[in-house]
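This report goes through selected features of one protein model. Please look at the sequence and the structure before reading on.

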Amino acid sequence: MNLPEHALLSTVKSTTPQYQRTQSLESSAATQEYFSDYASDPGSQKSDDSKASYETPPSRISTPLVQQNPIDSEMTLPSRPGAVQPAPLNIRRDQNNGPSTVRMLSSFDEMSPPTPGVDDTPYIRFAIEQLTRDEDVLGRGRHSTASALQETLSPVFPQVESEDESPHTPTPFPPPPTPPQHPPSPQPVPPVQRKPVTQEVMIPVDLSKDLRSQLGFVPRPLRLPILILFLFLCLLMIAGLIFSLVFISSNHGLFDYDGNATPRYFVFQYLPQLLGIILILWLFVIEATVYRCLPYFCMAPGNRNPWVLQEMRIVPANYILPDLTFFRTGEKMLGVAFLIFWLSNFTVPLLSCLYQTQWITNDGPARFRWTTVRGVGWTLVSLYGLLCAAIIYCMLRFRRWNSGLLWDPRSVADLICLFRRSNVVSDFEQTEVSQEPNRQMAPRTCRLGFWTTSERSDVFHAVGEEYAPIKRLSLQQSRQTEKVSGGPLHPNQAVDVEAQQRLSYGSAFSRNIHSPYVRYRWTVWFLRDSAVLAWIIAALILVIAFLVVSFVNRAVQNGFEPLIPSLTRSGGFSPADFLYSFLPSLLGMVLFLAWQPIAMYFRAVQPFCNLSRPTGADARHSLLLSYPAHGPITVIVKALRNGDYKVAYISFISLLSLSIPVLAGGVFTAQFFSAEDRVGMVASMPGYIALCVLVTIYALSYLIIWPTRKRYLPHNINTVAALMSWLYASPLLGDTALQNIRTKNDLVERLMGSSSPTTLTGDVSGNEEGATKKRFRRTARYSGQNAPRFAFGIFMGRDGKEHLGIDRLQRPGSREMLVVPDSG
């Protein structure tokens, strides 16, 4: 090689790339400039005449700007700290010591060939490690947490010293050194040592005799004596049906027909379906109890159902259409039982046509006598037999040893006690504004009972997942997250990738909780504005048509042609009598069942309606309300006492409408007019007039079922998960005044407070036990003035962030809750 005469040779010292592994307290994440678009920014490509500048090529993905602590890495290569060179750079310097220029190679063909005898293994390992780091950010890094001690790879770049380096031309970011002429001696990489992470987990407690005696609560409608009484009434119905069927086989009918306005007419035409619909009402109470308690019975130690919180309904829905969700949630036998309960609705129309009149000529003088329709009777025996079997299954399914309850979970306040120390509360994060919170949650195998933790020795009652870590919402954690999102961080400050991803949509969540559209977005489909308007128009048109047809030309009173054969056959079946008894009663039953979901919706949302007032509501009118759990008469009385007059009226109509199928099924009978030598269908006018009045009241009641915006919610309230979405971040779950509650009376007393307005502030001890009824009455008297008030709106959660849900209207030292205004 020919060199110029003025050329001088000098020796340059260089270091060999070395690798070391260090421990990290953060999840694996790449450095800021490796995943940034720093090189694509024109402002970042300015060069200095006295310094060698570098251009980083655009990265493959774009993530939040994150500064990584150098000690959190395991790879070291000679380069500037915090940057990785993923593409080759071409550095050229002028011969006259002019300014240096840096450009990116347009292709790998411009790269110089590898130097013979140099080991490229360190560089290949470095590339592999960087690819691994990239995959970790895209995948596993999303599931990492800042609290977990994990090992990460981070490049540490040693300085390159040069003997001819001038102090006037410092190079803060030296280029990669020339590979050594001799292969470096390989150094063994020490294994990564992981530090054990100690997390507090929930541990189920082995029940002692004392604890076992506290559990096992079964709501009253599902208790064995109550179910036995219901079963006994069903057996009485079966016995009465069999007696009627057997008696007419040896006799010519039951009794003589004596007119359509006599007590005997009432007994045969109205009393059977009246008894049947009373059993239906009782069955509704049993169904409602099963709905609200089944999720907790499925949390018994012997059950493993991961969809308890998300899929199991707590609001009754087995009315016009059968509820088949039990088959989807794994409760197949209970699904069969509820299918039988739905089929029981047909017993009322069948009972209305059980007894018919028959012309008897071979037993004394020819006359009409009451007889039993054999086909209808044996069908009813079969239905009531199936109903008895379903009730027996409920007796076995809902026993004390399958229950982990302390009392009946019928209100929002009960959920607070069950989940205040649960380890599944964090799963409800940001579900309060979701349209379908049930689909947003992951499956969890929950258990209800007594627990302790790995860090504490106290025993508490809650819903939780066995041996799962407890993730508590804390203000400190929120401040750390806000610090991450506030701007650039110190180079030595570590950041969690998961926290960064949560912040990417945090602003959207904040907009949603303040949006009136999100707040007043949901109501059941049959109570939307267009649906309610359709119901009103249809009800008014039908009731007018019904009244006109009934009284024009006295068609009902004088009788009308049946249009089908009316002769009673040997089995007691008359096509005309069956049609004009079964069909009106069936239509009346449809009207009765169609009103039940409307009444149930108003009962279920009334606590949220009271909480949505600007002044809030006390616990007695909000958190402790449990209208869906009450019977049809009790709910009317309680609603009137609480001032919820709309709920009281709608519940009254749901009870009043049961008389429509009763009257409609027994008002028509076929009679023979000897003077005219014809058979006509004649109505019993006292019953028919009552039916017209009831149908008119029923139709006009659709005018008041408009729910108004204050009964709209962000999403449905059909499951436990849907309700918990508005409670998971509430300070109520951490209020010390609600600690160590073992009885429902104690819960009521603490929520309603006393004459002192500072009972439920979170600053008093919650260890008081044994609430007495005398003190309960005293606190009830003060509830209108001094009791704590609660609201449904935007509050500052336990994590220091704003959330939408339920909390105290105002806490000492904080601003009042923001109740989202109605959008119109």
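## An antiparallel sheet

Phe-795 stands opposite His-803, a residue of strand E13. This is a predicted model, in which local features need pLDDT of at least 70 and side-chain atom pairs count only at pLDDT 80 or more, while totals for chains, interfaces and linings use all residues. Residues are numbered from 1 along each chain as its sequence is written, and side-chain values use heavy atoms, with hydrogens and water left out. Helices (H or I, at least four residues) and strands (E, at least two) are DSSP runs, numbered from the N terminus.

Strand E12 covers residues 789–796 and is joined to E13 by seven bridges, the two running antiparallel. Both belong to an open sheet of three strands, ordered E9-E12-E13, with antiparallel pairing. Its edge strands, each pairing on one side only, are E9 (617–618) and E13 (802–808). Two strands count as paired if DSSP finds at least two bridges between them. Helix H19, residues 575–611, lies across E9, E12 and E13 and runs at about 75° to E12. Axes here are lines fitted to C-alpha atoms, for helices over the stretch in contact (heavy atoms within 4.5 Å), and angles run from 0 to 180 degrees between N-to-C directions.

## Salt bridges

The whole structure holds 20 salt bridges, each defined as a side-chain nitrogen of Lys or Arg within 4 Å of a carboxyl oxygen of Asp or Glu. One of them joins Arg-456 to Glu-200, at 3.8 Å from N to O. Arg-456 sits in the loop between strands E7 (447–453) and E8 (460–464), and Glu-200 in the loop between helix H1 (121–138) and strand E3 (202–204), so the pair ties together parts 256 residues apart in sequence. Glu-200 is buried at 12% relative accessible area, whereas Arg-456 is partly exposed at 44%. Buried means under 20% relative accessible area, exposed over 50%, and partly exposed in between (1.4 Å probe, protein chains only).

Another salt bridge links Arg-367 and Asp-256, whose closest N and O atoms are 2.9 Å apart. Because Arg-367 lies in strand E6 (residues 367–372) and Asp-256 in strand E4 (residues 255–256), this pair ties together parts that are 111 residues apart in sequence. Asp-256, Arg-367 and Arg-369 are linked in a network of salt bridges. Asp-529 also forms a salt bridge, with Arg-709, at 3.9 Å between the closest N and O atoms. Here Asp-529 is in helix H17 (residues 529–551) and Arg-709 in the loop between H23 and helix H24 (720–724), 180 residues apart.

## A nonpolar patch on the surface

A nonpolar patch on the surface has about 760 Å² of accessible area together, and its residues include Phe-551, Tyr-649, Phe-652 and Ile-697. Patches are made of residues with over 30% relative accessible area and no salt bridge: like charges are joined within 9 Å, nonpolar side chains (Val, Leu, Ile, Met, Phe, Trp, Tyr) within 5 Å. Areas come from the Shrake-Rupley method with a 1.4 Å probe; for residues, only the protein chains shown count as cover.

Helices H21 (645–656) and H23 (685–700) are the elements that give two or more residues to the patch, and H23 gives the most, with four. Ile-697 is in H23 and counts as partly exposed because its relative accessibility is 33%.

## An enclosed helix

How many residues of helix H11 are buried? Eight of the eight, at positions 412–419, so H11 is largely enclosed by the rest of the structure. Among them are Val-412, Asp-414, Cys-417 and Phe-419.
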